[in-house]
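Here is my note on the model you sent. Please keep the structure open while you read.

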Amino acid sequence: MSIDIATARKVAKLARIRVEEAQLPKLAEQLSGILGFMEQLNEVDVSGVEPMVSVTPMRLKRRKDVVTDGNIQAQILKNAPDAREGFFAVPKVVE
Amino acid sequence: MTSPNELTIAAARDALRAGDLSAVDLTMACLTAIDASDGLNAFVHKTPDIALDQARAADARLRQGDAPDLCGIPLGIKDLFCTRGVPSQAASNILRGFRPEYESTVTTRLFEAGAVMLGKLNMDEFAMGSSNETSAYGNAVNPWKVDDRRLTPGGSSGGSAAAVAADLCLGATGTDTGGSIRQPAAFTGITGIKPTYGRVSRWGIVAFASSLDQAGPMTKSVRDAAIFLAAMAGHDPKDSTSADLAVPDFEAALTGDIRGQKIGIPREYRMDGMPAEIEKLWAEGIAMMQDAGARIVDISLPHTRYALPAYYVIAPAEASSNLARYDGVRYGHRAKLAQGDGITEMYEKTRAEGFGAEVQRRILLGTYVLSAGFYDAYYNRARKVRALIKRDFENAFAAGIDTILTPATPTSAFGLGEMANADPVEMYLNDVFTVTVNLAGLPGIAVPVGLDSKGLPLGLQLIGRPWDEAGLLNHAYVLERAAGFVAKPAKWW
């Protein structure tokens, strides 16, 4: 399986990473190389094998559905690149 | 005369309790060593004020006789751990300036035990790398040096490994997703253990691949690893994958007696083109364990060769999902926007500027293998192969094997920049002996065993049964004593 430039462009869009047009051929080539390495997995007989979800055969513990903190708006906003009036601020989303 | 920063954790603990040394003096010795170590680029955020405050508090506890093992012990913390009010940026530009408002569970436990934080340690960006060359801080450098070249300390916990090997601290935290504790430990002649998945809480550690990530200690001896791990481990309600199991007294398990224990030697780890020196080291390790009374058993782990390709599907898939949170909204970097740019441009520019090349590559790869039409062909197939890799180990343990002995790395440390033009896959081969352990969720430890012909350290890896870190550490202790590795890098930095 090799990745063409159109696929590389699409994957970059899905991942929300801007990749300049001039960089796409190199990216496609590198991804194809890595995928080629992964092709070995097709040699393995996986019939009847369940895909692994967790390495430990234990049920995840559930904690009580209770509020454990709160009233920490200032802390939550402290690292925001742009925060105003108690909100995270972003460019206009709705026209 | 040994300078205090050169002590092991065990020796410093005993000296502190006996009153022969104060935590402040010990901390000052480390801070002095750190200030003279900029050539290693191991400590990337120094926290001397925090360290001295913690050391004074530790001295007070020691005087009162309320001193856990790590009380007053100066440690380095990998930059992947969130530490309150202290930069924690996973060696990435996308988290530049991020100062968490909370403390990771591991560092919380260490501080409650009285440990002293000297600062944050260099690493590969988001723990993605095997040479510490993907760091936004620049390369960490191996204190070992045999010619003009600067060598990699390995990765991703390269700063942790360099700092411990150079005696800048008594021990350091690391994290291991595919070998990121064990490979750098082997490259720098120190000990590093990746515990069983679920033994140590992941809460507050920047996530890379959540089903594989596990934190562990990097230390100057196996005894130190036992002491340090006990302080990190244990159930945490904030991490639903952390196991609700009692933490044994790992240090007490170091009896040095492994008579009658069965040690498996997996034939699939004898790779084509394996350097003769690695082969020889492995044979020597086998002989040491046999001399100690263990029974050596040839075993087969038939799916070993599929571990790397499975890992490089699963880890990027999980990473692409985990790293989706870096969007320039809640924390970290946001790109400067042009007139008319909307939110999509903000995401795309922010992530292009903030993530380095290797991280971008893995996110894109992960996005691809999870995308519609490819999910079954890649991701689900890799998860099935993962189940088979785990089954291989289960079969070996069911047949009575106690631990498995393998090389830790395919080579000794290589020169920084030497892999710059290599294919990404070539760099991934560094993890060939270690990734199987993460895929199966098992504990694994790297122990320094000898020097190669160039004079660089080489390590062996022991792999244990799930939750049997105690037995694993005891085997490692036997190997350590038999190998008698005492070489130290000559100071050049």
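Predicted model: local features only at pLDDT ≥ 70, side-chain atom pairs only at ≥ 80, totals over all residues.

1. Overall build of chain B. Chain B holds 15 helices and eleven strands. Its radius of gyration is 21 Å, close to the 23 Å that the globule rule gives for 493 residues, so chain B is as compact as a globular protein of that length. Along the principal axes, its C-alpha atoms fill a box of roughly 70 × 55 × 50 Å.

2. Burial and contacts. In chain B, 61% of the 493 residues count as buried. Take the contacts in chain B with a separation of 6 or more: 77% of them join residues 24 or more positions apart.

3. The sheet. Eleven strands of chain B form an open sheet with mixed pairing. The order is β1-β3-β2-β4-β6-β5-β10-β11-β9-β7-β8. At the edges are β1 (43–46) and β8 (295–299) of chain B, each pairing on one side only. On average, neighbouring strands are turned by 30° against each other, direction ignored.

4. One strand pair. How do β5 and β10 of chain B pair, in the parallel or the antiparallel sense? The sense is antiparallel, over three bridges, between residues 191–194 of β5(B) and residues 444–451 of β10(B). Within β10(B), A446(B) stands opposite G192(B).

5. Helices on the sheet. Helix α2 of chain B (residues 23–35) packs on the sheet and touches β1, β2 (74–78) and β3 (116–121) of chain B. Its direction makes about 20° with that of β3(B). Helix α5 of chain B (residues 158–165) lies across β1, β2, β3, β4 (171–176) and β6 (214–219) of chain B. Helix α5(B) runs at about 155° to β4(B).

6. D431(B). This residue sits in the loop between α13 (424–428) and α14 (435–440) of chain B. Why does D431(B) count as buried? Because D431(B) has 26 C-beta neighbours inside 10 Å, and 20 or more is the cut-off. Beyond four places in sequence, its contacts are S130(B), G178(B), G179(B), Q183(B) and L308(B). Y311(B) is 120 residues away from D431(B) in sequence, yet the two are 9.8 Å apart, C-alpha to C-alpha.

7. Chain A against chain B. Contacts link 40 residues of chain A with 58 residues of chain B. On the chain A side, α1 (5–14) and α2 (24–38) are the elements that give two or more residues. The largest share, seven residues, comes from α2(A). By class, that side has 25 nonpolar, seven polar and eight charged residues.

Technical notes
Residues numbered from 1 in each chain as written. Chains lettered and ligands numbered in written order. Helix = DSSP H or I, 4+ residues; strand = E, 2+ residues; numbered from the N terminus. Rg over C-alpha atoms; globule rule 2.2 N^0.38 Å. Buried ≥ 20, exposed ≤ 12 C-beta atoms within 10 Å, placed from the backbone. Contact = placed C-beta atoms within 7 Å. Nonpolar A, V, L, I, M, F, W, Y, C, P; charged D, E, K, R; others polar. Pairing = 2+ DSSP bridges. Axes fitted to C-alpha atoms, helices over the stretch in contact; angles between N-to-C directions.
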